[in-house]
Amino acid sequence: HVPLQGTTDAVLRSMGRPLDTAAYGELLAKLRARVPGCALGADVIVGFPGETDEQFEEGLAFVKRCAFAYLHVFPFSPRPGTRAAAMTQLSPAVIRERAARMRALAERMKEAFLNAQEGSTVWVAIEKITDGGLAEGMADRFFSVRFPSAAGISGHLARVRLERREGDGFRGTAL
């Protein structure tokens, strides 16, 4: 999870952030090289004061290139006493529309990430065993997995091959 916040160099500067989009892109590339298949996510604020339509479009394109597995999208809301609160605010309607568009992109990226996982093998932290003998848990890539497990014990780890999507998770087979 990277604390991206802004999605363009101009907005990041306005926020007083120390990094630019190139630095974030390099960080993501290094993380993916070290941990192939990892689930990378970020927090993004939309509608920061002064963000132009062009900057928002540029930010959408940057986020799309980042190919995040998940994204937490926050509409900007001024905090009293901050520099941003004293800046010219965007209209609530513009902020809502931008948040909806960024969330739609986030949903498409999540779907692409999940679809790319089918057939892979992951570690799953078993959280519970159902009455029907299914182990349920969270994969090391942050999605749910269910698989038959006669010997599964809650609190243990299992290697699981992902066979098919089930909503935002998978059904698999323990290896």
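This is a predicted model: local features need pLDDT of at least 70, side-chain atom pairs count only at pLDDT 80 or more; totals for chains, interfaces and linings use all residues.
Visitor: What makes a residue part of the lining of a pocket?

Guide: A lining residue has an atom within 4 Å of a point of the pocket. In the largest pocket, 14 residues line the space, and those closest to its centre are Ile45, Phe48, Phe76, Ser77 and Arg79. The space itself comes to about 260 Å³.

Visitor: How do the residues of that lining divide into nonpolar, polar and charged?

Guide: Eight are nonpolar, three are polar and three are charged. Phe48 is one of the residues closest to the centre, and Phe counts as nonpolar, whereas Arg counts as charged.

Visitor: Which element gives the largest share of the lining of the second largest pocket?

Guide: That is α4, with six residues. The second largest pocket holds about 180 Å³ of space. Its lining has 14 residues, and Arg32, Ala67, Phe68, Met109 and Phe113 are nearest the centre. Nine residues of this lining are nonpolar, two are polar and three are charged.

Visitor: How do you know that the reach of α4 is close to what is expected?

Guide: Helix α4 covers residues 92–117, 26 residues in all.

Visitor: Which residues of α4 are buried, and what do they pack against?

Guide: Among the buried residues are Ile95, Met102, Leu105, Met109 and Phe113, and also Arg98 and Lys110. The buried residues of α4 pack against β2, α3, β3, β7 and β8. Just after α4 comes glycine 119, with a positive phi of about 90°.

Visitor: Why is threonine 8 called buried?

Guide: The word is used for a relative accessible area under 20%. Threonine 8 has 1%, so it is buried. This residue sits in the loop between β1 and α1.

Visitor: What is threonine 8 in contact with, leaving aside its neighbours within four places in sequence?

Guide: The residues are Thr21, Gln55, Glu58 and Gly59. For each of them, contact means heavy atoms within 4.5 Å.

Visitor: What lies 3.2 Å from a polar atom of the side chain of threonine 8?

Guide: The backbone nitrogen of valine 11 does. A polar contact has a cut-off of 3.5 Å, and the 3.2 Å between these two atoms falls within it.

Notes: Residues are numbered from 1 along each chain as its sequence is written. Side-chain values use heavy atoms; hydrogens and water are left out. Helices (H or I, at least four residues) and strands (E, at least two) are DSSP runs, numbered from the N terminus. The expected span of a helix is 1.5 Å times one less than its number of residues. Buried means under 20% relative accessible area, exposed over 50%, partly exposed in between (1.4 Å probe, protein chains only). A polar contact is a pair of N or O atoms within 3.5 Å; within protein, one must be able to donate a hydrogen and the other to accept it, and residues adjacent in sequence count only if both atoms are side-chain atoms. On a 1 Å grid over the protein atoms alone, a cavity is a set of points where a 1.4 Å probe fits but cannot get out, and a pocket is an open set with protein on both sides within 12 Å along at least five of seven lines; lining residues have an atom within 4 Å of a point. Grid points are joined across faces, edges and corners, and a volume is the space filled by probe spheres set on the points.
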